[in-house]
Amino acid sequence: FILTIILSQSIFANEQKKVSLQLEWKHQFEFAGFYTALEKGYYKDIGIELEIKEFHDGINISEDVINGKSTFGISSSALILERLKDKPVVLIASYFKQNALALVTKPHIKTPNDLKNKKIMALDWEMGHTSLGVMLKDYKINKEDYSLVSHNYKIDNFVNGKVDAMSIFTTSQPFELDKLGIKYNILNPANFGIYSYDVELFTSENIINKYPKMVEDFVEATNKGWEYAFKNKEEIVDLI
């Protein structure tokens, strides 16, 4: 009987220790706080072994968290829509007051109206459930008005003129284009009166109800990571 209790406690401890975080994009400084907390041992200090998972096509972040495939997930303000659909997701921390998601376009494309009959490289989810989608909707740009090209998460198709616009995160891709001397314009939803929070850290009702202390500790460790990252930007850029 005692052995059974010890074994069950050990399984419970291990279950809490190994957790995962599903990112909403490819690795970049946008997620610096998490990388820093991992590198500096802040998660290890609270007994957490974290796996940070890069985004790729086919991932539904909220569903993965709800179904236990990932312990935590990153979202934008679109998480509100998930909650309004009665999905058991819970926001536990919010880090960016403005979404870094935008469209980089050829220089002659100045407004969303100019996207008609153009090729846009983006995720279907982005065009329908993010601030990009809201921006296009405000300008009455429908799916039939442009050609959607599957995203390869690289700038080569844009540089080579295969697409007229592509979804980017302003935290990284403009720097790559600047290095190559490529001329471009950016359609940022915020410049058109559309604001959306980003890097919204969330988990499932199941996780937060079972392990409230673990969730609280995870947020505190992540906050320490962000604080260090912003005080030591060059170091963390090199780390990433």
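A residue is called buried here when its relative accessible area is under 20%, exposed when over 50%, and partly exposed in between, using a 1.4 Å probe and protein chains only. Helices (H or I, at least four residues) and strands (E, at least two) are DSSP runs, numbered from the N terminus. What you see is a predicted model, in which local features need pLDDT of at least 70 and side-chain atom pairs count only at pLDDT 80 or more, while totals for chains, interfaces and linings use all residues. Residues are numbered from 1 along each chain as its sequence is written, and side-chain values use heavy atoms, leaving out hydrogens and water.

Let us start with helix H2, residues 32-39. Six of its eight residues are buried, so H2 is largely enclosed by the rest of the structure. The buried ones are Ala32, Gly33, Phe34, Tyr35, Thr36 and Ala37. Just after H2 comes Gly41, with a positive phi of about 80 degrees.

What does H2 meet in H11? Ala32, Gly33, Phe34, Thr36 and Ala37 of H2 touch Ala221, Thr222, Gly225, Trp226, Tyr228 and Ala229 of H11, where contact means heavy atoms within 4.5 Å. Seven of the residues in this contact are nonpolar, four are polar and none is charged; Ala, Val, Leu, Ile, Met, Phe, Trp, Tyr, Cys and Pro count as nonpolar, Asp, Glu, Lys and Arg as charged, and the others, Gly among them, as polar. The axes of H2 and H11 lie 7 Å apart, at an angle of about 105 degrees. That makes H2 roughly perpendicular to H11, a label for angles of 65 to 115 degrees (under 35 is roughly parallel, over 145 roughly antiparallel, the rest oblique). Axes are lines fitted to C-alpha atoms, for helices over the stretch in contact, and angles between N-to-C directions run from 0 to 180 degrees.

Now look closely at one residue of H11. Thr222 sits in this helix, which spans residues 212-231. Thr222 counts as buried because its relative accessibility is 0%. Beyond its neighbours within four places in sequence, Thr222 contacts Gly33, Phe34, Ala37, Tyr43 and Tyr95.

Finally, turn to the sheet. Five strands form an open sheet in the order S2-S1-S3-S10-S4, with mixed pairing; two strands pair if DSSP finds at least two bridges between them. At the edges are S2 (49-53) and S4 (89-96), each pairing on one side only. The twist averages 25 degrees from one strand to the next. H2 packs on this sheet, touching S1, S2, S3, S4 and S10. H11 lies across S1, S2, S3, S4 and S10, running at about 10 degrees to S4.
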